[in-house]
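Let's walk through this one together, starting with overall shape and ending with a pair of helices. Have the structure open beside you as you read.

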Amino acid sequence: MDGLSIEFENGQMTVFVNCEIDHHTASRAREEIDGEFFANMPHRLVIDLTNMRFMDSSGLGLIMGRYSRCLASGCEFALYGADERAKCILRMAGMDKILNLKG
Amino acid sequence: MNQTEKKVKRKTKKALINEIKITLNSDSANESLARTCIAAFASQLDPCIDQLADLRCAVSEAVTNCIVHAYKEKKGKIYINARMYSDRTVSVRITDKGCGIPDVERAMQPLFTTGSTEERCGMGFSVMESFTDGVSVSSAVGKGTSVFMTKKFE
Ligand SMILES: Nc1ncnc2c1ncn2[C@@H]1O[C@H](COP(=O)(O)OP(=O)(O)OP(=O)(O)O)[C@@H](O)[C@H]1O
Ligand SMILES: [Mg+2]
């Protein structure tokens, strides 16, 4: 998918989000991330939002969904680069207590 | 209130300075089109980037709800009407003729969702409320829903 790039290094899978995440793009992103996740079974998943231009509650759903997927398969999860608006949305859902919002 | 007070009130009433109406099909590709259009409209006030991004996000939530909840697998129209006033407020009304909401108060509570497919977390209305200055919802089951939001650009 355009706007999403995935890298692997030493068992860590990093997803760089370079596009807008809304309901329209979230389903494609979800398919692609989960596809790579189950094919490679990383021990750590990082979602990097540094270059994400927009997200709404569908982005929140995408992040929460990947987090619970990790929880279920004993994989570490980290989120990087959330901007103030994304952090605000994550905070509304109480995700700030679960994730340590880095960067 | 006496006559003079009434007159003063009428004089200070905010004036409508611009208006836009958009009708869109309930295709998910139109979510970004809708929020981009309304942000472009509000840009006429030369607002700060952050406040504009807040409005963009709130519009995205309401339009997505029309597609995901109101029409579901069916197709329908989404009606958007935005107005700009002399006091630098923008109001946006987003209306659908979909399934309606049986209990609006409950639907607006954080984490409440009827979404079963995909990953809905029930935070759309909370996002609209925190990124605008006010959200009101009217709905009738089987007839549709109308979401009205206002935001003041400082
Ligand atoms: N336009 C609408 N037509 C019918 N039902 C709606 C509409 N908008 C919202 N709802 C109902 O209100 C609930 C809450 O909406 P809200 O946007 O807060 O959360 P969500 O859409 O379920 O999840 P999220 O927005 O976090 O992905 C929805 O699950 C749905 O039942
Ligand atoms: Mg929603």
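The radius of gyration here is taken over C-alpha atoms, and the globule rule is 2.2 Å times the number of residues to the power 0.38. For the 103 residues of chain A, that rule puts a compact globule near 13 Å, and chain A comes in at 12 Å, so the two agree. Its C-alpha trace spans about 30 × 30 × 20 Å along the principal axes.

Bear in mind that this is a predicted model, where local features need pLDDT of at least 70, side-chain atom pairs count only at pLDDT 80 or more, and totals for chains, interfaces and linings use all residues. Residues are numbered from 1 along each chain as its sequence is written, chains are lettered from A and ligands numbered from 1 in the order in which they are written, and side-chain values use heavy atoms, with hydrogens and water left out.

Chain A has 4 helices and 6 strands (DSSP runs, H or I of at least four residues for helices and E of at least two for strands, numbered from the N terminus). From the N terminus on, the order is β-β-β-α-β-β-α-β-α-α. Of the 103 residues in chain A, 51% are buried, meaning under 20% relative accessible area with a 1.4 Å probe, protein chains only.

Now over to chain B. Helix α3 (residues 49-70) of chain B packs against helix α5 (residues 124-131) of chain B at about 150 degrees, their axes 9 Å apart. That makes α3(B) roughly antiparallel to α5(B) (an angle over 145 degrees).

Technical notes
Axes are lines fitted to C-alpha atoms, for helices over the stretch in contact, and angles run from 0 to 180 degrees between N-to-C directions. Angles under 35 degrees count as roughly parallel, over 145 as roughly antiparallel, 65 to 115 as roughly perpendicular and the rest as oblique. Buried means under 20% relative accessible area, exposed over 50%, partly exposed in between (1.4 Å probe, protein chains only).
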